[in-house]
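Q: Could you take a close look at one part of this model for me? I'd like to hear about the sheet and what surrounds it.

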Amino acid sequence: MTKLTPLDQAHRLDSPPLQGRGRGWGLSAGRLDQLKNFARDMRQEPTEPERRLWARLSRSQIGGYKFRRQSVIGPCIVDFLCAQKALIVEVDGDTHVAGSDASRDQALQDQGYRIIRIANHEVMQNIEGVCTAILDALEQAPDRWASPHPNPSPEGEGLSLSKDREF
């Protein structure tokens, strides 16, 4: 008999996985996979404003802060996330209705996230101003985790090996 991993077992039962850094969010394994696949598709086909903003946010170019794009948080996919500062940046299209995301935003705020909404035309016409506003928000926000990080790497990982060590 083949023993299933906890994640495989969760897929078989379509229940929340028991591992994965607490990312279960109470969603089934199948639903989490759907969200991850949808987020991946969105990363592969970004809108032009998202592409331009990502060019500025990627590689820790703004204040040295790391961002992820199209990140899954619970049942939501957010445009850009700085996990260190719990800051979400949403780029809203021309057809976006103000207030339509109120319950979604409230759920994210209840989890400790701060959300900044930026209109497409601001990204397209004033990218420097947008980057300045994001940097200001990052510098005002407290770090989400006290040192050390809640998920530290195993002891010694990433340290260079001494030359006299035998294998």
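Which residue in strand 2 stands opposite Arg69?

A: Arg69 faces Phe80 in strand 2. A quick note before the rest: this is a predicted model, where local features need pLDDT of at least 70, side-chain atom pairs count only at pLDDT 80 or more, and totals for chains, interfaces and linings use all residues. Residues are numbered from 1 along each chain as its sequence is written, and side-chain values use heavy atoms, with hydrogens and water left out.

Now the pairing. Arg68 has Leu81 of strand 2 as its bridge partner. Strand 1 and strand 2 (residues 76-82) run antiparallel to each other, joined by five bridges. Strands here are DSSP runs of E, at least two residues, helices are runs of H or I, at least four, and both are numbered from the N terminus; two strands pair if DSSP finds at least two bridges between them.

Zooming out, four strands make an open sheet with mixed pairing, ordered 1-2-3-4. Strand 1 (68-73) and strand 4 (114-119) are at the edges with a single partner strand each, so one side of each has no neighbour in the sheet. On average, neighbouring strands are turned by 45 degrees against each other, direction ignored; the axes are lines fitted to C-alpha atoms, for helices over the stretch in contact, with angles from 0 to 180 degrees between N-to-C directions. Helix 6 (residues 127-140) lies across strand 2, strand 3 (87-92) and strand 4, at about 175 degrees to strand 4; contact means heavy atoms within 4.5 Å.
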